[in-house]
Amino acid sequence: MTIQVVFQIAAVGILVAVLNQVLRAAGREEQAVLTTLAGLIVVLFWVIQHVSSLFTTVQELFNL
Amino acid sequence: MDSLIIKACAAGIIAVFLALTLKKETPAIALAITMAVGVFILLMILPRLEAVMGTLETVAAGVSGGGSEYIGVAVKVIGIAWVAEFGSNVCADAGEAGVASKIELAGKVLIMAVSAPIVLTLLERVIALL
């Protein structure tokens, strides 16, 4: 894992935030909510892979 | 230790600023950033921790008078505490202090369960001495 992942997540977050504001200003509340949800799912998809690899490594290291 | 501490520090500070920027608009993604940087820092220092554990095991193997077989239990306890700390910190960052304290409770109970044989052995030895 590299620090790039953090920047990737931040990029998605900023994109979602901007889209959210634009859609809300255009009066499309539903699509704003859906955008937030989609961004969250994408980000969680990335993060969970790394959390899983961390837990597996810790499990091996400490014989848990 | 090389520049690992510089790396960890820099990664943490950058992630905190990014999370701060996103906290108002998308709090969930801000939490994901802090979580990702936590995983990043922990994965970065794991090889060093492995070396420390190796040293600990070498020292324990050299100790005479028995009891060195329990070093595995101590290592397990450290592992459980580490994972529990990580999980509870993520929950505490999100403002869910209740869930955080429950994870910590689970860690404490599991540590008790793992270390119960050592306590029993200690008690047996004390009783044998009396």
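**View 1. Gln4(A) is exposed, with 9 other C-beta atoms within 10 Å.** By C-beta atoms placed from the backbone, a residue is buried if 20 or more others lie within 10 Å of its own, exposed if 12 or fewer, and partly exposed in between. Gln4(A) sits in helix H1 (residues 4–25) of chain A. Helices (H or I, at least four residues) are DSSP runs, numbered from the N terminus. Between Gln4(A) and Phe45(A) lie 41 residues in sequence and, C-alpha to C-alpha, 15 Å in space. This is a predicted model: local features need pLDDT of at least 70, side-chain atom pairs count only at pLDDT 80 or more, and totals for chains, interfaces and linings use all residues. Residues are numbered from 1 along each chain as its sequence is written, and chains are lettered from A and ligands numbered from 1 in the order in which they are written.

**View 2. Chain A meets chain B through 28 residues of chain A and 29 residues of chain B.** Contact is counted where two C-beta atoms, placed from the backbone, lie within 7 Å. On the side of chain A that touches chain B, H1 and H2 of chain A are the elements that give two or more residues. H2(A) provides the largest share of that side, 14 residues. By class, the chain A side has 21 nonpolar, seven polar and no charged residues. Ala, Val, Leu, Ile, Met, Phe, Trp, Tyr, Cys and Pro count as nonpolar, Asp, Glu, Lys and Arg as charged, and the others, Gly among them, as polar.

**View 3. Helix H2 (residues 29–62) of chain A crosses helix H3 (residues 71–93) of chain B at roughly 165°, their axes coming within 9 Å.** Axes are lines fitted to C-alpha atoms, for helices over the stretch in contact, and angles run from 0 to 180 degrees between N-to-C directions. H2(A) and H3(B) are therefore roughly antiparallel (an angle over 145 degrees). The crossing of H2(A) past H3(B) is right-handed, that is, the near helix is turned clockwise from the far one by less than a right angle. H2(A) contributes Phe55(A), Val58(A), Leu61(A) and Phe62(A) to the contact. From H3(B) come Val75(B), Lys76(B), Ile78(B), Gly79(B), Trp82(B) and Val83(B). The contact of H2(A) with H3(B) has eight nonpolar, one polar and one charged residues.

**View 4. Within chain B, helix H2 (residues 27–62) packs on H3(B) at about 170°, with the axes 12 Å apart.** H2(B) and H3(B) are therefore roughly antiparallel. Their crossing is right-handed. Residues of H2(B) in the contact include Leu31(B), Leu42(B), Met53(B) and Glu57(B). Those of H3(B) are Ile71(B), Val75(B), Phe86(B), Val90(B) and Asp93(B). By class, the contact of H2(B) with H3(B) divides into 10 nonpolar, two polar and two charged residues.

**View 5. Met53(B) lies in helix H2 of chain B and touches residues of both chains.** Leaving aside neighbours within four places in sequence, Met53(B) is in contact with Leu61(A) and Val75(B). The C-alpha atoms of Met53(B) and Val75(B) are 7.8 Å apart, for 22 residues along the chain. Met53(B) counts as partly exposed, with 17 C-beta neighbours inside 10 Å.

**View 6. Chain B is assigned domain 1 (1–61) and domain 2 (63–130).** These bounds come from an automatic or database domain assignment. Taken over C-alpha atoms, the two domain centres are separated by 23 Å. Their contact takes 10 residues from domain 1 of chain B and eight residues from domain 2 of chain B. The domain 1 side has seven nonpolar, two polar and one charged residues.

Methods: Parallel < 35°, antiparallel > 145°, perpendicular 65-115°, else oblique.
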